Amino acid sequence: MRSLGRPVVLALVVVAIAAACGAGGTPGSASAPTTSASPISSAMPSPDGGPVVTPEAAVAAVVAHEPRFSGITARDPDAIGQASWYEVMPASGVGAFLVKLRIGWGDCPAGCIDEHTWIYAVAPNGDVTLQSEVGPEVPSDAWPSHGSGDDPGTGLLITALAGPVCPVETIPAKPECAPRPVAGALIRVLDADGVEVATATLDA
């Protein structure tokens, strides 16, 4: 992977036989799903010290509770292959919210082979309570903020994966069928007018 630090409007052309999956894409452990036996409560103040009265503030409180969600975006029902997303719903109680977050990985353009979901309740005072958690362990490169190393919007983190590797993919995925990095893939970065602004050759 190589990061290109140019804050331009970009269109990406990947010259490789590759399939990328959201913010990561390599299938992770096929361990059995885990579900919380009971809610785990952790009192977290609102990030700005004030009451949580908007969906955005509720998401910010959850991200403050679990920084690895940093960079996650709202669910787009029209998007194909969106690996990571959140949804915010009103909960019982004035001003309370439920925040559902999902991290998916492994062939996400076809729906993601694996996924892990969380549901948090966020109280008006900023208290964050984990209501449920289901799914296999999330691989480190599937988290939305993985490997950014920069402020959001200041560069590119590009991963090229060859897949499918096996003629038939299964759920859960077999480790030997995991997509494989494409070393030496040539990346051309174009601006909104189609003018090439950068190139890169991916490492292993």
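This is a predicted model: local features need pLDDT of at least 70, side-chain atom pairs count only at pLDDT 80 or more; totals for chains, interfaces and linings use all residues.

Q: What is the mean pLDDT of the chain?
A: The mean is 72, and 68% of the residues reach 70 or more, where pLDDT is the predictor's confidence in each residue, from 0 to 100. Over residues 1-48 the pLDDT is below 50, although that stretch has 137 contacts in the model beyond near neighbours in sequence, a contact meaning heavy atoms within 4.5 Å. Residues 146-153 also stay under 50, and for them the model has seven contacts beyond four places in sequence.

Q: OK, back to the fold. How many helices and strands does the chain have?
A: The secondary structure comes to one helix and twelve strands, and along the sequence the pattern reads β-β-β-α-β-β-β-β-β-β-β-β-β. Of the 204 residues, 34% count as buried, and among contacts between residues at least 6 apart in sequence, 56% join residues at least 24 apart.

Q: Which residues of the largest nonpolar core touch the most other members?
A: That core has 22 residues, and V62, F69, L101, I103, W118, Y120 and V122 touch the most other members. Helix 1 (55-65), strand 5 (97-105), strand 6 (114-122) and strand 7 (128-134) each supply at least two of its residues. Apart from it lies another core, of nine residues, among them I158, V182, V189 and A198. A nonpolar core is a set of buried Ala, Val, Leu, Ile, Met, Phe, Trp, Tyr and Cys residues joined through side-chain atoms within 4.5 Å.

Q: What does Y120 touch?
A: Not counting residues up to four places away in sequence, Y120 touches a set that includes V62, H65, F69, L101 and V128. V128 itself is in strand 7 and is buried, with a relative accessible area of 0%. V128 and H65 are 63 residues apart in sequence but 7.3 Å apart in space, C-alpha to C-alpha.

Q: Is R102 buried or exposed?
A: R102 counts as buried because its relative accessibility is 7%, and it is found in strand 5. A polar atom of the R102 side chain lies 3.0 Å from the backbone oxygen of Q82. Leaving aside neighbours within four places in sequence, R102 is in contact with residues including I72, Q82, W85, C112 and E115.

Q: New topic: how many disulfides are there?
A: The structure holds one disulfide, which joins C108 to C112 with S to S at 2.0 Å; a disulfide is a pair of cysteine sulfur atoms within 2.5 Å. The torsion about the S-S bond is about 110°, so the disulfide is right-handed. C108 is buried at a relative accessible area of 3%, and C112 is buried at 15%.

Q: Where does C112 lie?
A: C112 lies in the loop between strand 5 and strand 6, and its phi is near 75°, a positive value in a residue other than glycine. D107 lies in the loop between strand 5 and strand 6 too, and has a positive phi of about 55° although it is not a glycine. At 29% relative accessibility, D107 counts as partly exposed.

Q: Last one: what is V138 in contact with?
A: Leaving aside neighbours within four places in sequence, V138 is in contact with I103, W105, H116, W118 and W143. V138 lies in the loop between strand 7 and strand 8 (156-158), and at 10% relative accessibility it counts as buried.

Technical notes: Residues are numbered from 1 along each chain as its sequence is written. Side-chain values use heavy atoms; hydrogens and water are left out. Buried means under 20% relative accessible area, exposed over 50%, partly exposed in between (1.4 Å probe, protein chains only). Helices (H or I, at least four residues) and strands (E, at least two) are DSSP runs, numbered from the N terminus. A polar contact is a pair of N or O atoms within 3.5 Å; within protein, one must be able to donate a hydrogen and the other to accept it, and residues adjacent in sequence count only if both atoms are side-chain atoms.
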